[in-house]
Amino acid sequence: MQHFQNMFPSEDGGHEARFELLELLETVLTGMDELKDPSRLTLGLESEISSDYYQNIIDAAVLPEKGLGTKKSVEELLKLLEGHRFLNRQYVANATPLPNNASIAGNLLMVLLNGNNLWDVDGTAAAKTEVQITSMLSDIVGYDRQKSAGFTTWGGQGAVFQSLRLAIANACPEANQKGTPNHLYAFCSELSHFSLYKSMEASGIGTDHLIRVKANRDHSMDLFDLREKMTAVIENGGLPIYVLATLGTTDTFGIDDLAGIKQVTEEIEAAYGLPRIYIHADTAMGGMYSFFNGYDFAENPLRLEDDVLETLSRYKSHFQHLKLADSLVFDFHKLGQTPYTTSLFLVKNREDFKAVDLDPDETPYVGNRGFGSYHTSYTLECSRMGSSIPIYASLLAFGIQGYQQILANYIRVNLAFRKKLTAAFPYAAVTNEAAPVTTFRFYPRNVRYHDEISGNITEEEVREVNRHNETIAEALGRFRNQTYFGSTKKQRYVYPSDSQSPVPLYVQKFYSVSPYTTVDAVDGYIDFLKAHVVPADAITG
Ligand SMILES: *Cc1c(COP(=O)(O)O)cnc(C)c1O
C-alpha cells in the first residue's frame, strides 16, 4: 500500500508529499505557459477536427492494464493542452471567463478537502461559505439575509429548473405526490435562454405550456403582450404560475423590466383571485452588474467616464428592482471570472424551500440528527461540489469595488469597439444597446437595420442579409485560432412586410470577458475583421 499512499496527499502534512504535488502543479503550469502566445487564441497548434475525429478516438481509447503512475499520467495530460483555446484577449465569442487566481486556489482547496455540500458534517467549509456568500449577495440584490437562502447548483439552467420546481410545488402543493396538473403555464420573453424550454420538458408541464412573449426593440419583454397572453391563458382555464424575467439576455444583454413584470402579475393575481405567480429573475448573464446597485453615481468614486457611467446607471435602474423577484442566480462562471461550475441560486424567502424539502425519513444516511445542522435536502442534486469556495475566494479577492472596475471595463471596451467598428465598416450596424457584448450585422450594400426592425423590408431581403452574415461568420470562424468572434442565428425576430411569421436575425458577436480585453486591444480586433470579412461584392457579385 505504501506505493499507493505516495499517489495521494499526505496524511501527516509531511513536506515530501507536498513537494510531489507541487511538482505536478509546476508541470501543468509550465506546460501551459510554454504554449501561451497572446497573439493567438490557441495553445500550441490547433488540431484538425476531421469528420472521423471522434470515431478514431472511440477506436483508439485504451484503459491501461498497468497504471502509468502519477507523473507519467500528468505528462500525458499535457497533450490535452495542445490546440485548446485559451481565454486570452483573442477570445471575444461568448461570456466564457478566464478564472482568476483566487478562484483557482479556492477550487484547489475545495478539491483537497473534497467536502460534500449535501451535509455540513461532510463539508463544513463549503456549507459555511455557501451561507456566507448567500448573505453577501442577498445584501447586494436587496434581499433580507435573515429570510433568504441559497445554494450552488448546476449553472444558470439549474437555477431556472429549481425555480420552476419551487413555483409548481408552491402553486400546487399536491403536485409532488399526484403529479403536475395539466393546466399550468409559464411565460418568458422570446429572447430568453433555452433553459426554461428544457425545464418545461423535464418538469413534465410540457413545452406547449411555455408561452413566449414578444420582445421590444431594446430586447426587453413586451409587457402589453405579457398581459394579453396571461389573460388569454386564464380565460381558457389555464393557471399562470411562473414568469421568467431575463436581466441580461444571453446574446444581446437585453434587460426585462422586472418592476413592470411584477406589476402585471400582481394586477392579474388580484383581478382573477390567483395564487402568487412566481417570478425568477434569470440574471445568469447580467447579475454581476447588481454590484453597481450601491454605487454612488453622483460622486463617481471610480472616476468612470460619462458614457460608461450612463450605461451603468441604466442597468442600475433595472437591477435595483431585483428584490422583487422570488429568486435569481449569480453565474460566476460568466461575468464573475471563476471556473465552471460556480452558480449560486438565491431565493428571497427560504420558506419557499419547504414545498420541495424531503421528509427526514427519506434521507436515512445523512441529514438532521444529533450532529450536523445544514442539510440541503431541497436540492435536486444529492452530492454537491463545494463551488461556494471558489466564489467566496473571488468575492474576497476583488470585493465590490474590484468587481465594479472589471465590469465597467467590459462596457468601456465595448463602447470603444462600437465606435471603431462603425467607422471602419460603413455597411455594418450595431444591433444592441451598450453592454459587455456588442452584436453587429454586416450588410451587402446599405445598412437596413432600421428597416428590418420596423418591417420596411421583404423577407427575402432579410434572409439575404442573414446569408451574408452567415458567410462572414464562417469566414471569421476559419481563423478563430487567431481571434475568436461569436455569432448567433437568432439575435432577435423581425416582421418583414410580406411575411406572416417572424424572421430571426443572424449577427456577429463581440464579447469582452477578460482583464486582457482592454481598450488598447480594440484596434487589433478591428484589424482582424478588416483582414477576414469577405467583401460584399465577392459574395453577391
Ligand atoms: C448562460 C445562461 C443560462 C445558462 O446558464 P449555465 O450556467 O450555462 O447553465 C441561462 N440564462 C441565461 C440568460 C444565460 O445567459
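## Aromatic contacts in a predicted model

Arg 18 lies over the face of Phe 19, 5.8 Å from the ring centre.

**Charges over rings**
- Besides Arg 18 and Phe 19, there is Lys 214, whose charged end sits over the ring of Tyr 495 at 5.9 Å from its centre.

**Tyr 295 and Phe 297**
- These two rings have centres 5.2 Å apart and planes at 85 degrees, so the pair is edge-to-face.
- Tyr 295 is buried because its relative accessibility is 4%, under the 20% cut-off.
- Phe 297 also counts as buried, at 18% relative accessibility.

**Phe 510 and Tyr 525**
- Here is another edge-to-face pair, with 5.1 Å from centre to centre and 65 degrees between the planes.
- Phe 510 belongs to strand β14 (residues 507–511) and Tyr 525 to helix α17 (residues 522–532), so their pairing ties together parts that are 15 residues apart in sequence.
- Phe 510 has a relative accessible area of 0% and is buried.
- Tyr 525 is buried too, with a relative accessible area of 2%.

- Phe 510 and Tyr 525 are members of a cluster linked by ring pairs.

Note on methods: Residues are numbered from 1 along each chain as its sequence is written. This is a predicted model: local features need pLDDT of at least 70, side-chain atom pairs count only at pLDDT 80 or more; totals for chains, interfaces and linings use all residues. Side-chain values use heavy atoms; hydrogens and water are left out. Rings of Phe, Tyr and Trp (its six-membered ring) pair if their centres lie within 6.5 Å; planes under 30 degrees apart count as stacked, over 60 as edge-to-face and the rest as tilted. Buried means under 20% relative accessible area, exposed over 50%, partly exposed in between (1.4 Å probe, protein chains only). Helices (H or I, at least four residues) and strands (E, at least two) are DSSP runs, numbered from the N terminus. A charge sits over a ring if NZ of Lys or CZ of Arg is within 6 Å of the ring centre and within 35 degrees of the ring normal.
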